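Keep the structure open beside you as you read.

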Amino acid sequence: IKYSKERIEKAVLILKKYNTRENYREIEYSSITIFSEIIRLWGSDLAILDQVRSTFYSFFQSDSKPYDDVELVLSKLKKNNFKIAVLTDVAYGMDNKYSLKDIESISNNIDLVLTSVDVGYRKPNPKGYKMILDYFKISPSEMIYIGDEEKDITGANELGIKSALINRNCANKNFEQLYTLNSLNDILNFLEGVD
């Protein structure tokens, strides 16, 4: 693929359209939708779709890794029979084969992973939270949702799910969360029977 300056500029315009920090939306678009639009604008054949997506998403995979406290806390929770789910919004409709690489090292402690692509919506839309409740066959009062953004807390609160804000930099943030955690270790203090 020839990545000329003109092609890059055209791609940037489309990517800006789908950038949720610049253009708020709850509906999620697939990578096929986003990158097919770019390839058509380039006047190229859609046969390059996989190559374009792989090249683009490889940037996001460069050095992501879980915080130091994550593996130990998740293993303690699993040992104590807690069910663990991840609900995450992904960048530019990132396919699971790319986005799930970020959590490979801790995946053995996770029962369910849902991305915004799986759900079709981004947080705070309630659909992803409801899918977790349905999957585990639990009520909102039996679930605690931990997130680091206002949309995480808003979505959980809307359904009556206990919300916890993880605030690693101890900034003054009040999103109407039930709990505020400085690290994931703090969750163990709120849960009974965890050794």
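## K78 and its partner

K78 is partly exposed, with a relative accessible area of 22%; partly exposed sits between buried (under 20% relative accessible area) and exposed (over 50%), using a 1.4 Å probe and protein chains only. K78 makes a salt bridge with D111, and the closest N and O atoms are 2.7 Å apart. Here a salt bridge is a side-chain nitrogen of Lys or Arg within 4 Å of a carboxyl oxygen of Asp or Glu. K78 sits in helix α4 (residues 70-79) and D111 in the loop between α5 (96-99) and β2 (112-115), so the pair ties together parts that are 33 residues apart in sequence. D111 is also partly exposed, at 26% relative accessible area.

A note on what you're looking at: this is a predicted model, where local features need pLDDT of at least 70, side-chain atom pairs count only at pLDDT 80 or more, and totals for chains, interfaces and linings use all residues. Residues are numbered from 1 along each chain as its sequence is written, and side-chain values use heavy atoms, with hydrogens and water left out.

## Other salt bridges

The structure holds 11 salt bridges. In one of them, the side chains of R122 and E28 meet at 2.7 Å, N to O. R122 lies in the loop between α6 (116-119) and α7 (127-136), and E28 in the loop between α1 and α2 (31-42), so this pair ties together parts 94 residues apart in sequence. Both ends are tucked away: R122 is buried at 7% relative accessible area, and E28 is buried at 8%. R25 joins in too, as R25, E28 and R122 are linked in a network of salt bridges.

R53 and D50 make another salt bridge, with the closest N and O atoms 2.4 Å apart. Both lie in helix α3 (residues 49-58), 3 residues apart, or about one turn of the helix. R53 is buried at 9% relative accessibility, whereas D50 is partly exposed at 47%.

## The sheet

Which strands form the open sheet, and in what order? There are 3 of them, in the order β3-β4-β5, with parallel pairing; two strands count as paired if DSSP finds at least two bridges between them. β3 (144-147) and β5 (179-181) stand at the edges with a single partner strand each, so one side of each has no neighbour in the sheet. From one strand to the next, the twist averages 25°.

β3 pairs with β4 (residues 162-166) over 4 bridges, and I144 stands opposite K162 in β4. Helix α8 (residues 150-159) packs on the sheet, touching β3 and β4, and its direction makes about 170° with that of β4. Contact means heavy atoms within 4.5 Å, and angles run from 0 to 180 degrees between N-to-C directions of axes fitted to C-alpha atoms, for helices over the stretch in contact.

## Whole protein and surface

Overall there are 9 helices and 5 strands, taken as DSSP runs (helices H or I, at least four residues; strands E, at least two) numbered from the N terminus. Buried residues make up 39% of the 195 residues. The C-alpha trace spans about 60 × 35 × 30 Å along its principal axes.
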